[in-house]
Amino acid sequence: MFNGGYYFVKVAQMNDNVKIVMNWSSGKDAALAYHMLAHQRGYRVTHLLTTLSEEHDRVFMHGVREKLLDMQAQRMKLPLIKVKLPASPDDTLYNHAMLQTMEGLKSQGVTVAAYGDIFLDDLRAYRERQLAQVGMTALFPLWKKDTKELVQMIELSGIEAIIVCVNEKYLGKEFLGRKINADFLNSLPPNVDPCGENGEFHTYVYNAPFFSSPIPITTGEIVHKTYTAPDGDKRWDTGFYFLDVV
């Protein structure tokens, strides 16, 4: 629903000023979810939370430098909680680290974790189970929304993002650096979700209406990396192109 220049989404009723931690990927979906929550009565995002590779100090899968992540948080005037993990953490290590983090947030009065997920049911169920262990609930402002419409909402809201990672099974490296807008939407192959919800691409937000100022960025080298399933199953080898942003 569009109203007075902002988009709103119907979510469960909560008391005023419920404290929320926003799971912040540095990309467009998290930014749009935050934008929606920031303009709804009763919601107060008090923290951002991001997982990073401890070897490279970069956001997982997005490949964004930690410094650029810090610049986003500074412009949002929000504390950023960083969970640093090995490049390929096992489920036990990841779950333990996240549960510890959520327990710490709960002790500060944060009772809700918000996500930019759109339609991956298994992922939503997993998040809800994990949060239930510490007595917190999950919130999904973009859930089941049409992804073409979400891209339009991103552009209309003033959120500006570029593609920093592509899965080579779906997109070529020529898509790196492309801005998320109507032209991008019209150029996508039919097998690619407009929001990249299946991992086809990832983005970095360098400007938004909730930033105090735009982030000046320069694009650098393109790097190709291949990832193999933890069990060694070669059928799941996947190559990604990353655009370094500085």
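Me: Helices (H or I, at least four residues) and strands (E, at least two) are DSSP runs numbered from the N terminus; in which strand, then, is Thr 137 found?

Reply: Thr 137 is found in strand 8, which covers residues 137-139. The model is a predicted one, in which local features need pLDDT of at least 70 and side-chain atom pairs count only at pLDDT 80 or more, while totals for chains, interfaces and linings use all residues. Residues are numbered from 1 along each chain as its sequence is written, and side-chain values use heavy atoms, with hydrogens and water left out.

Me: Why is Thr 137 called partly exposed?

Reply: Buried means under 20% relative accessible area and exposed over 50%, with partly exposed in between (1.4 Å probe, protein chains only). Thr 137 has a relative accessible area of 41%, and therefore counts as partly exposed.

Me: Leaving aside its neighbours within four places in sequence, what is Thr 137 in contact with?

Reply: With contact taken as heavy atoms within 4.5 Å, Thr 137 touches Thr 111, Val 112, Ala 113 and Leu 131.

Me: What makes the pair Arg 58 and Asp 244 a salt bridge?

Reply: The term asks for a side-chain nitrogen of Lys or Arg within 4 Å of a carboxyl oxygen of Asp or Glu, and the side chains of Arg 58 and Asp 244 meet at 3.1 Å, N to O. The pair links distant parts of the chain, since Arg 58 belongs to strand 5 (residues 58-59) and Asp 244 to strand 12 (residues 238-245), 186 residues apart. Arg 58 is partly exposed because its relative accessibility is 23%, whereas Asp 244, at 12%, is buried. The structure holds 11 salt bridges.

Me: How do you know that Glu 66 takes part in a network?

Reply: Lys 82 and Glu 66 meet in a salt bridge at 2.6 Å, N to O, and this pair joins strand 6 (residues 80-85), which holds Lys 82, to helix 2 (residues 66-76), which holds Glu 66, across 16 residues. Glu 66 is buried because its relative accessible area is 15%, while Lys 82, at 30%, is partly exposed. The side chains of Glu 66 and Lys 84 also meet in a salt bridge, at 3.0 Å, N to O. Salt bridges that share partners join Asp 57, Glu 66, Asp 70, Lys 82 and Lys 84 into one network. Lys 84 has a relative accessibility of 35%, so this residue is partly exposed.

Me: How many disulfides does a search of the whole structure find?

Reply: Under the rule that a disulfide is a pair of cysteine sulfur atoms within 2.5 Å, the search finds 0. Cys 165 counts as buried because its relative accessibility is 0%, and Cys 195 is likewise buried, at 2%.

Me: Why do strand 10 and strand 11 stand at the edges?

Reply: Two strands pair if DSSP finds at least two bridges between them, and an open sheet of 4 strands has the order 10-9-12-11 with antiparallel pairing. Strand 10 (201-207) and strand 11 (219-227) each have a single partner strand, so one side of each is left without a neighbour in the sheet. Strand 9 (residues 160-167) and strand 12 pair in the antiparallel sense over 3 bridges, and Cys 165 stands opposite Phe 242 in strand 12.
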